[in-house]
Amino acid sequence: MLAAFSVLYWAFIVLTMPLLFLVALAVFAVTWPFDRRRVALHLFSCAWASFYVHMNPLWRNEVRGRERLPWRAPAVIVANHLSMIDILVLYGLYRPFKWVSKESLFHVPFLGWNMALNGYVPLRRGATESIRRMYARCAELLAQGSPILLFPEGTRSASGALQPFKDGAFRLAVEAGVPVIPVAIRGTWDTLPKHGLVLRNRMDAVVEVLEPLDPERFPSHVELRDAARAAIESALARIAAERTGGQRPARAPPGSPPQA
């Protein structure tokens with residue numbers, strides 16, 4: 001049954017992409033003269049991706065801590081990476097940011113064309129020149145007041161476990177003097193792990209934005225990297241405990257740290 005549902009669901013996405021891309025083109029054309037950061041187009045892309053989450057009857061996505069993300073201020077946002085579905089649920093943050101994504105995705109019809117329209121940042125892993133261009137473009141975006149979002153693990157986790165973090169995002173934050181905002185994702189690996197396109201199980205995903213980390217409080221990018229990973233690891237354990245116990249945390253006052 002899930003295999004048949006997966007075929008229908010992916011067909012639905014493929015068939016609706018051209019129409020929604022035409023809407024994206026219209027948004028881009030209308031807003032380009034006064035919205036050079038392309039915030040309106042990015043927010044439409046958030047709605048586009050969230051539409052696919054809401055249209056799947058087996059999926060649920062809860063977003064916490066959205067208020068910790070800036071509307072117009074530079075930041076380096078880092079999230080753990082479990083599944084292709086991470087992209088869809090992270091769009092549910094509904095805040096302006098620029099993705100750093102692998103270059104091959106920019107060549108995918110409609111999806112990649114929309115990424116290019118948004119001014120997202122391509123990266124070819126292992127290619128020195130591509131990495132250099134990515135750093136330069138990210139520095140420009142941060143200087144313009146646009147947050148950027150990266151997956152510091154570099155690729156999706158094959159097992160669902162948190163992987164080691166690479167240094168790049170944290171070097172960038174230190175050099176630009178901007179905060180790192182960790183984001184913990186749980187629940188997407190259960191429905192679509194790294195290999196395959198057949199959906200498994202129901203999805204009860206949580207995306208939680210954690211407290212920003214000021215790079216000036218850390219001796220180097222290495223300590224900043226380790227602090228971001230530790231914050232995400234702790235949040236994932238807490239969310240897992242909530243799910244196991246069937247309890248949700250009480251709502252904390254705005255600006256307070258996530259409850260343990």
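Guide: Happy to! Let's begin at aspartate 226, which is partly exposed because its relative accessible area is 39%. Keep in mind that this is a predicted model. Aspartate 226 forms a salt bridge with arginine 225, and their closest N and O atoms are 3.0 Å apart. Arginine 225, in contrast, counts as buried, because its relative accessibility is 18% and the cut-off for buried is under 20%.

That pair is one of 14 salt bridges in the structure. Another one joins arginine 60 and aspartate 204, with 2.7 Å between the closest N and O atoms. Arginine 60 belongs to strand E1 and aspartate 204 to strand E7 (residues 203–209), so this pair ties together parts that lie 144 residues apart in sequence. Arginine 60 is partly exposed at 35% relative accessible area, and aspartate 204 is partly exposed at 32%.

Now move to arginine 64 and glutamate 208, whose side chains meet in a salt bridge at 3.1 Å, N to O.

For the setting, look at the open sheet of seven strands, ordered E1-E7-E6-E2-E5-E3-E4 with mixed pairing. Strand E1 (59–64) is an edge strand, pairing on one side only, and so is strand E4 (121–123). On average, neighbouring strands of this sheet are turned by 20 degrees against each other, direction ignored.

Methods: Residues numbered from 1 in each chain as written. Predicted model: local features only at pLDDT ≥ 70, side-chain atom pairs only at ≥ 80, totals over all residues. Heavy atoms only, no water. Pairing = 2+ DSSP bridges. Helix = DSSP H or I, 4+ residues; strand = E, 2+ residues; numbered from the N terminus. Axes fitted to C-alpha atoms, helices over the stretch in contact; angles between N-to-C directions. Salt bridge = Lys/Arg side-chain N within 4 Å of Asp/Glu carboxyl O. Buried < 20%, exposed > 50% of the residue type's maximum accessible area, 1.4 Å probe, protein only.
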